[in-house]
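Subject: Structure for your review

Dear colleague,

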Amino acid sequence: MFGLYKNCASNAAKIFVVSVCIVIVLLVTWSAMRERDIELSESTRANSNVAMALAQHADQTFNEVDIVLLGLLERLEHDGHSGRGLERTHDMMVMRVRSLPQLAGLFVYDEKGNWIVNSQPAMETRFNNADRDYFIYHRDHRSEKPYIGKPIRSKSNGQWILTISRRIDKIDGSFGGVVLGTIDLAFLQRFYERFDIGREGAIMLGNLNGTILHRRPLMTDTIGKSLDDSPLFQNHIRHQTSGDVEIRSAQDGVLRIQSFQHLADHPLFVIVAMSKNEVLADWRRHAWARAFGVALLLLILWYGGARMVAQVRRRETAERDAVDARKELEHLYKALEEQAQKDGLTAVFNRRYFDQALQSELSRINRSGGTLSLIMIDVDNFKMFNDTYGHAAGDVCLLRVASVLGHAAQRKHDVVARYGGEEFAVILPDCDSSCALSIAQTMMARLRKERITHAHGVGGIVTASVGVASLTAPAGLTIGSRDLIEVADEALYVAKHQGRDRISFRVFPTSDGLEGLCLAEEAD
């Protein structure tokens, strides 16, 4: 017997130690995964903030150039295309290019695409740009907004540039040419290099038709490439102004956290992508170090756990007995509480619970205002029923009546209670007069449908007289439960006095002088 107990204690020790080890592993794993989620969340938030900053920078970059174009349009309109006027315009264009670091050049073309004036120190007019997309766009469209074209190589210096342009209108509204500003992509590249996006990260600027305008790191085949078929563009950028998404690259297989942001003033977007592997690099190092420490801790726990077997076993047994005793007491308490609230015969709530529930609802209405209805039901000629069929049959009759009432008042907070003898009461919170009458009519109809034989009843069956009182009150009144019960009792008295088997309805008179209203429903 002692050996058996010893073996049980040994097994309990092993289970205890294993359980503790499992809990520690689970907690450490949960903590590590939570830290991982926090790291990803913070990185995503930082990524999104960078995308927002880059979008604002791009907006500012293009807006500054667009302001120059608007000034250039005004200058051309004022000075015209005369020789002296073009010289002043050329001087202004040279000055503007020097003052804006992103501005590579300014150009003015006539309606045929010929160069009229530009920002080059030695004014060059031998080129024609009628084949450029921005020229074709302005020639075919009238728009008050600037047009941002595809990346191109400049004819003057061979650099990759972005173009922003506006249409020149003649006096009659016809196409008169184009004013063009070119933005050096090297300016964007220098700005993008300031951000730490890791070795496998990327920053991209594109327009909303899916064309890449610039990318860091810059690849030879990147500029001008279409993103129209990519899942990121199709499923996210095209339908949302900003967002964050994890997508694995089809080119290099790298899983990246990609944050995108539309520009506020131009049909462009910015993408900032960071490698998820690089984002989690520090977290992985910490996780491995923690795992090593946990392994040592588990070894210590395993060794020390076996020496505490007897004490742990006795403590667990005592705690288990205490928990069982507490549960048993709680179970008994709930059973006694339910018995104290329910009527022993009909299983609906008893008079004591009814009084508490009604007082609680009236306190709520006195405090906050609202609606409340009370239905009082009295089984017609019940004493004669008992005298005719006996008290046992009377108990069955009351049980069936209670069941009918319970099925008719099934809202969550409705209370059906046995008020005393053959009388029942139903509390209907948040139920106005029409709602209360509907429920009372349902009760009457269901009771008649039961067809409980009663030789001295109306129509030879058991019926009931019903008094309904409805209360609609603002906050701040002081209405007692006895006040509402008296109104319902008065309505019940009217129903019984008028021949039973009917409903009498009365509105509770509030402080605003509302008169009580009595309605009666005749027996079917």
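A pocket here is, on a 1 Å grid over the protein atoms alone, an open set of points where a 1.4 Å probe fits, with protein on both sides within 12 Å along at least five of seven lines, and its lining residues have an atom within 4 Å of a point. This is a predicted model, in which local features need pLDDT of at least 70 and side-chain atom pairs count only at pLDDT 80 or more, while totals for chains, interfaces and linings use all residues. Residues are numbered from 1 along each chain as its sequence is written, and side-chain values use heavy atoms, with hydrogens and water left out.

The second largest pocket is lined by 16 residues, among which Leu73, Arg167, Ile168, Asp169 and Lys170 lie nearest its centre. Helix H1 (2–79) and strand E5 (160–169) each contribute at least two residues to this lining, where helices (H or I, at least four residues) and strands (E, at least two) are DSSP runs numbered from the N terminus.

Turning to the sheet, 5 strands form an open, antiparallel arrangement in the order E8-E7-E11-E10-E9, two strands being paired if DSSP finds at least two bridges between them. Strand E8 (212–216) and strand E9 (242–248) stand at the edges with a single partner strand each, so one side of each has no neighbour in the sheet. Within the sheet, strand E7 (residues 202–207) is joined to strand E11 (residues 268–275) by 6 bridges, the two running antiparallel, and Gly206 stands opposite Phe269 in E11.
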